[in-house]
Amino acid sequence: MSTIGILVASSNNNLLLAQKLKELGDAQGLKSEIIDLVSLNLPLYNTIEEEKNGIPQVAKELVEKITSFKAFIIVAPEYNGVMPPVLNNAISWSSRATKDWRETFNEKFVALATHSGGGGTKVLQAMRLQFIHMGANVLGRELLTSYDKPLNEESANNILEQLGKLIKI
């Protein structure tokens with residue numbers, strides 16, 4: 001059975017959301033793995049860093065792991081109206097650590113989720129644009145939670161069910 005990668009780009013509430021999604025997926029018999037991008041401590045991507053030190057081992061290991069997934073749930077908060085730097089940084093390293101810059105996410109299925117104190121719609125839009133640009137097939141349905149809006153478990157279960165069907169294809 002294929003594994004769904006749950007990439008989480010923040011601690012606290014987004015990590016809790018990722019853990020809840022894993023729990024719901026487990027209940028459906030889906031195999032998933034949470035990857036906490038914050039705890040990886042990837043160096044900030046820039047061309048000078050890459051020329052000087054090459055691709056860091058932690059980035060190579062991340063790319064190897066996530067390239068093996070057929071589907072993802074990306075869980076990230078809204079930072080100043082866009083994606084958090086840790087997510088953008090991980091995408092940057094992944095685009096440099098393979099022969100084809102799109103390889104890590106190309107033709108993969110991606111669901112988007114956020115817990116954001118500032119709304120969350122802008123980060124969902126930014127992630128949608130980014131992952132489509134990376135060649136991913138982004139699901140139309142997404143999850144937006146906040147302090148005032150708890151997770152709609154019916155929607156979460158529907159998204160997980162969709163991903164489960166897609167990874168069996």
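Student: What follows H1, and what is its phi like?
Tutor: Gly29 follows H1, and its phi is positive, near 85°. Helices here are DSSP runs of H or I with at least four residues, strands are runs of E with at least two, and both are numbered from the N terminus.

Student: Before we go on, what am I looking at?
Tutor: This is a predicted model: local features need pLDDT of at least 70, side-chain atom pairs count only at pLDDT 80 or more, and totals for chains, interfaces and linings use all residues. Residues are numbered from 1 along each chain as its sequence is written, and side-chain values use heavy atoms, with hydrogens and water left out.

Student: OK. How many residues has H1, and how far does it reach?
Tutor: H1 covers residues 13–27, so 15 residues, and spans 21 Å from first C-alpha to last. That is close to the 21 Å expected at 1.5 Å a residue; the expected span is 1.5 Å times one less than the number of residues.

Student: Which residues of H1 are buried?
Tutor: Asn14, Leu17, Ala18, Leu21, Leu24 and Gly25. Buried means under 20% relative accessible area, exposed over 50%, and partly exposed in between, with a 1.4 Å probe and protein chains only.

Student: Where do they sit around the axis?
Tutor: Within an arc of 125°, so the buried residues line one face of H1. The arc is taken from the directions from the helix axis to the C-beta atoms. Leu16 and Ala27, on the other side, are exposed.

Student: What does the buried face pack against?
Tutor: Strands S1 (3–8), S2 (31–36), S3 (71–75), S4 (109–115) and S6, plus helix H7 (153–167). Contact means heavy atoms within 4.5 Å.

Student: Switching to S1. How many of its residues are buried?
Tutor: Six of six. Thr3, Gly5 and Leu7 point one way, while Ile4, Ile6 and Val8 point the other.

Student: Which strands does S1 pair with?
Tutor: S2, in parallel, through six bridges, and S3, also parallel, over five bridges. Pairing needs at least two DSSP bridges between two strands. Leu7 stands opposite Ile35 in S2, and Ile6 opposite Ile73 in S3.

Student: Last one: Thr145. Buried or exposed?
Tutor: Buried, because its relative accessibility is 5%. Thr145 lies in S6 (residues 143–145). Its side chain makes a 3.0 Å polar contact with that of His115. A polar contact is a pair of N or O atoms within 3.5 Å; within protein, one must be able to donate a hydrogen and the other to accept it, and residues adjacent in sequence count only if both atoms are side-chain atoms.
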